Amino acid sequence: MDDRRLLDRYLADRDEAAFRELVDRHLDLVHSVASRVTANRELARDISQATFVRLAERAATVPRGLSLTAWLHRTSRSLAIDLVRAEERRKHRERASLQNEAMTTSPDPGWEQLAPLVDELVDNLPAADRELVLAKYYRNEPHARIAAQLGCSEANARKRASRALEKLRAQLVRRGIPTSAAALAVLLPAHAVTPAPAALAGAVAAA
C-alpha cells in the first residue's frame with residue numbers, strides 16, 4: 001500500500017496502524033534531516049516527533065500532487081530551522097542576562113584597574129568637564145570654591161561636577177570597566193593625587 005492510500009486510511013478512520021506504517025517508513029529520513037540541521041541529538045529527536053505530530057494534525061492538507069517524502073522532508077527541515085533559531089535567541093537572551101547581572105552585581109573596580117586609564121580618559125573629557133573633575137576629584141576642592149570660580153550657585157556647581165563625573169564613568173564602561181559614579185567619587189580623591197617623595201621638590205627646584 002503506497003503512502004497516499006495509507007494517509008487516506010488514516011484520514012478516513014484515524015487508522016493507527018496506517019499511521020504507524022507511515023512513521024516506520026519515513027522516520028529515518030525525518031530524523032536524518034533534523035540531525036543535520038540541528039547537529040544535536042536531543043533536538044533531532046524533538047523535531048522528529050513534532051514532524052509526525054504535524055502530519056497527524058494536517059494530513060488533510062498534504063497536496064495530492066506532492067509525495068509524502070517531499071512533504072516530510074520540507075516540514076522536518078522547516079521545524080528544525082525554527083527550533084535552531086529559537087535556541088539561538090534563547091541563548092542570546094541568557095548571555096545578555098548574565099552580562100547585565102555581572103555588570104549590576106560585580107563589585108566596583110579597585111584603583112589598580114582605573115589607574116592605567118583614568119588620566120587618559122580625563123584628558124578626553126570636554127574642557128569644562130575636565131576642569132571640574134580635576135578641581136573636585138583630583139584637588140578635592142569644595143563645591144563652594146568651585147561655584148565661586150564658575151560664578152554659579154553651589155547647587156549648580158555640584159550638579160555640573162556630578163555630570164562631568166558621569167561622563168568619565170561612561171568612558172570607563174566603554175573601555176570594559178563597569179563602575180559607579182559613587183565609587184569614582186571615593187577612589188579619585190583618595191588615589192588620583194598622592195604625596196611625592198620628600199626630596200623631589202628640592203631636586204626639581206634645583207633643576
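In the predicted model, a polar atom of the Thr75 side chain lies 2.8 Å from the backbone oxygen of Trp71. Thr75 belongs to helix α4, which spans residues 68-105. When residues up to four places away in sequence are left out, the contacts of Thr75 are with Thr51 and Arg54.

Helix α1 comprises residues 3-13, and its buried residues are Asp3, Arg4, Leu6, Leu7 and Tyr10. Viewed down the axis of α1, these buried residues fall within an arc of 165 degrees, so they line one face of the helix. An α-helix has 3.6 residues a turn, so residues three or four places apart point the same way. Arg5, Ala12 and Asp13 are exposed on the other side of α1. Arg14, which follows α1, has a positive phi, near 50 degrees.

Helix α2 covers residues 16-38 and bends by about 55 degrees at His26. His26 is itself one of the buried residues of α2. Also buried in this helix are Ala18, Phe19, Leu22 and Val23, together with Val30, Val33, Ala34 and Thr38. Just after α2, Ala39 adopts a positive phi of about 55 degrees.

Key
Residues are numbered from 1 along each chain as its sequence is written. This is a predicted model: local features need pLDDT of at least 70, side-chain atom pairs count only at pLDDT 80 or more; totals for chains, interfaces and linings use all residues. Side-chain values use heavy atoms; hydrogens and water are left out. Helices (H or I, at least four residues) and strands (E, at least two) are DSSP runs, numbered from the N terminus. A polar contact is a pair of N or O atoms within 3.5 Å; within protein, one must be able to donate a hydrogen and the other to accept it, and residues adjacent in sequence count only if both atoms are side-chain atoms. Contact means heavy atoms within 4.5 Å. The bend at a residue is the angle between axes fitted to the seven residues ending there and the seven starting there. Buried means under 20% relative accessible area, exposed over 50%, partly exposed in between (1.4 Å probe, protein chains only). The arc is that of the directions from the helix axis to the C-beta atoms.
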